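Visitor: I'm new to this one. Could you walk me through how to read it, feature by feature?

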Amino acid sequence: MATSDPVYLRVVADIRRQIVDGSLPPGAPIPSRAQLTRKYGVGETAARHALRVLAAEGLIVGRVGSGHYVRAQPVLLPLHRWRPQDHHSPFGADIAQSQGGRATYDRRAEHAEATPEIAQRLRLDGSAPVTRTHYVFRGDGRPVQLVTSYEPAEFGEPSGEENPRGLVARLSALGVKVTEIVEQVYTRVPQPDESDVLALPAGVHVLHVERTHWAGDRPVETSDIVIPGDRFRLVYSHSLQP
């Protein structure tokens, strides 16, 4: 965070250290701005910036009329990425396994034109027609994943089925055999609408999984999968054949 008073970084570093090493446990109060100015010998502006940075990092939370407190760090649940390929819901089995509850989802499919990025990922001409499908996955009613999937329009009209067949089975019925699934994972700052739907606390990043299904050397589907970074850790299992 840009500021003309860089001494705030000293305050941030010291409080961060205390939170990480447990000197300030979850729920512990953070000194007020006035207390920070006296303790660290900094100005009001530096103290205010320090609290903002710590909140943005997800280390502390503010309570109206009460001050700031150390935020409890959640236990990350394992989210297993590989699952039976004939499961009708793209990630339902994973969510149910990780949360121990019932997985549900909302789905909306529509016609669209491929953006330059999606056209590149699917090896299509610019603005080629695609079927775009949005999912909101829930575990026991709580949104836990957002998915936007893109397929070349030639694979059919957007389906209104409540429980559509899985992608691999559906493409196989069209004579297209999926031979490989590639996932690239990175972290990023969530978009405002993603934060709203997933109810993300301030400072929490998301895991972004860019997944592509391949049929030989042709990409036949690509998805952007958004997962709360404060709730899950991704687990990949690779079986080695003798």
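Visitor: How many bridges join β2 and strand β3, and in which sense do they pair?

Guide: Bear in mind that this is a predicted model. Here β2 and β3 (residues 67-70) pair in the antiparallel sense, over four bridges. For a landmark, look for R63, which stands opposite G67 in β3. R63 also lies over the face of Y69, at 4.1 Å from the ring centre.

Visitor: What is the order of the strands in the open sheet?

Guide: Three strands make up that sheet, in the order β1-β3-β2, with antiparallel pairing. The edges are taken by β1 (29-30) and β2 (60-63); each has a single partner strand, so one side of each is left without a neighbour in the sheet.

Visitor: On to the helices. Which residues of helix α2 are buried?

Guide: Buried means under 20% relative accessible area, and exposed means over 50%. In α2 (residues 33-40), L36, T37 and Y40 are buried. They span an arc of only 100 degrees around the axis, which puts them on the same side of α2. Turn to the other side of α2 and you'll find R38 and K39, which are exposed.

Visitor: What covers the buried residues of α2?

Guide: The cover includes α1 (8-21) and α3 (44-56). Have a look just after α2 as well: G41 takes a positive phi of about 65 degrees there.

Visitor: Now the rings. How is a pair of aromatic rings described?

Guide: You give the distance of the centres and the angle of the planes. This structure holds three aromatic pairs. One of them is Y105 with Y135, a tilted pair at 5.9 Å centre to centre and 55 degrees between the planes.

Visitor: Where in the chain do Y105 and Y135 sit?

Guide: Y105 is in strand β5 (residues 103-113) and Y135 is in strand β6 (residues 129-139), so the pair links distant parts of the chain, 30 residues apart. Y105 is buried, with a relative accessible area of 15%, and Y135 counts as buried at 13% relative accessibility.

Visitor: What about the rings of Y105 and F137?

Guide: Their centres are 5.4 Å apart and their planes are at 35 degrees, so this pair is tilted. It too links distant parts of the chain, with Y105 in β5 and F137 in β6, 32 residues apart. F137 counts as buried, at 1% relative accessibility.

Visitor: Which residues do the ring pairs link into a cluster?

Guide: That cluster is Y105, Y135 and F137.

Methods: Residues numbered from 1 in each chain as written. Predicted model: local features only at pLDDT ≥ 70, side-chain atom pairs only at ≥ 80, totals over all residues. Heavy atoms only, no water. Pairing = 2+ DSSP bridges. Helix = DSSP H or I, 4+ residues; strand = E, 2+ residues; numbered from the N terminus. Buried < 20%, exposed > 50% of the residue type's maximum accessible area, 1.4 Å probe, protein only. Arc of directions from axis to C-beta. Contact = heavy atoms within 4.5 Å. Phe/Tyr/Trp six-rings, centres within 6.5 Å; stacked < 30°, edge-to-face > 60°. Lys NZ or Arg CZ within 6 Å of the ring centre and 35° of its normal.
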